[in-house]
Amino acid sequence: MHPFRKAVEDRDAQAMTDLLAENVVFTSPVAFKPYPGKAITGAILRAVLRVFEDFAYVREIGDPDGRDHALVFTATVGGRQLQGCDFLHLDEEGRIDELTVMVRPLSGAQALAAAMAAEFDRIAAEAAEATEAAEATEAAEAARR
């Protein structure tokens with residue numbers, strides 16, 4: 001089982017975020033523009049935990065020693081059932097540097113878009129908070145050197 005799958009199934013937001021590379025790029029199933037960076041991607045993943053109901057991975061595709069993985073899932077959002085897939089690409093250190101999510105059918109994607117839009121202010125605030133914390137940690141480490 002891929003560690004990201006385990007973190008999601010355990011609903012462990014910190015473990016999910018810890019698996020992300022700093023330069024991760026998240027490609028949403030409902031937004032045209034990708035979201036770059038660990039802070040925003042972590043905030044989006046926490047929001048997904050809040051909006052998905054009855055979430056379950058049903059299949060994992062990929063070479064256990066490879067850098068590309070596909071995790072097929074089912075979920076309900078706003079009363080709409082959907083099927084989806086998380087496509088993961090790992091960097092040389094084994095961290096997720098690309099996370100692309102696809103969902104179907106259109107009614108499920110629309111329900112997901114509406115639910116995530118309702119979370120947008122919280123996502124933005126969490127991402128800003130995480131970015132500030134990371135910058136403060138980085139500055140403290142630099143001062144110690």
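Buried means under 20% relative accessible area, exposed over 50%, and partly exposed in between (1.4 Å probe, protein chains only). The model is predicted: local features need pLDDT of at least 70, side-chain atom pairs count only at pLDDT 80 or more, and totals for chains, interfaces and linings use all residues. Residues are numbered from 1 along each chain as its sequence is written, and side-chain values use heavy atoms, with hydrogens and water left out.

**View A. The aromatic pair F52 and F73.** A pair of aromatic rings is described by the distance of the centres and the angle of the planes. Rings of Phe, Tyr and Trp (its six-membered ring) pair if their centres lie within 6.5 Å; planes under 30 degrees apart count as stacked, over 60 as edge-to-face and the rest as tilted. The whole structure holds six aromatic pairs. In one of them, F52 and F73 are tilted, at 5.7 Å centre to centre with 45° between the planes. F52 sits in the loop between α3 (38-51) and β3 (53-62) and F73 in strand β4 (residues 68-77), so the pair ties together parts that are 21 residues apart in sequence. Helices (H or I, at least four residues) and strands (E, at least two) are DSSP runs, numbered from the N terminus. F52 is buried at 10% relative accessibility. F73 is buried too, at 1%. Ring pairs join F52, F55, Y57 and F73 in a cluster.

**View B. D54 in strand β3.** D54 is not a glycine, yet its phi is positive, near 50°. Its relative accessible area of 62% makes D54 exposed.

**View C. R11 in the loop between α1 (3-9) and α2 (13-18).** R11 also has a positive phi, about 55°, although it is not a glycine. R11 is partly exposed, at 48% relative accessible area.

**View D. The cis peptide bond between R104 and P105.** Omega is about -10°. P105 lies in the loop between β6 (96-104) and α4.

**View E. F120 in helix α4.** F120 is partly exposed, at 44% relative accessibility.

**View F. A patch of negative charge on the surface.** E129, E132, E135, E138 and E141 make up the patch. Patches take residues with over 30% relative accessible area and no salt bridge; like charges are joined within 9 Å, and nonpolar side chains (Val, Leu, Ile, Met, Phe, Trp, Tyr) within 5 Å. A salt bridge is a side-chain nitrogen of Lys or Arg within 4 Å of a carboxyl oxygen of Asp or Glu. E141 belongs to helix α4 (residues 106-144). E141 is partly exposed, at 38%.

Technical notes. Accessible areas come from the Shrake-Rupley method with a 1.4 Å probe; for residues, only the protein chains shown count as cover. Lys and Arg count as positive and Asp and Glu as negative; His and the chain ends are not counted. The place of a charge is taken as NZ of Lys, CZ of Arg, CG of Asp or CD of Glu.
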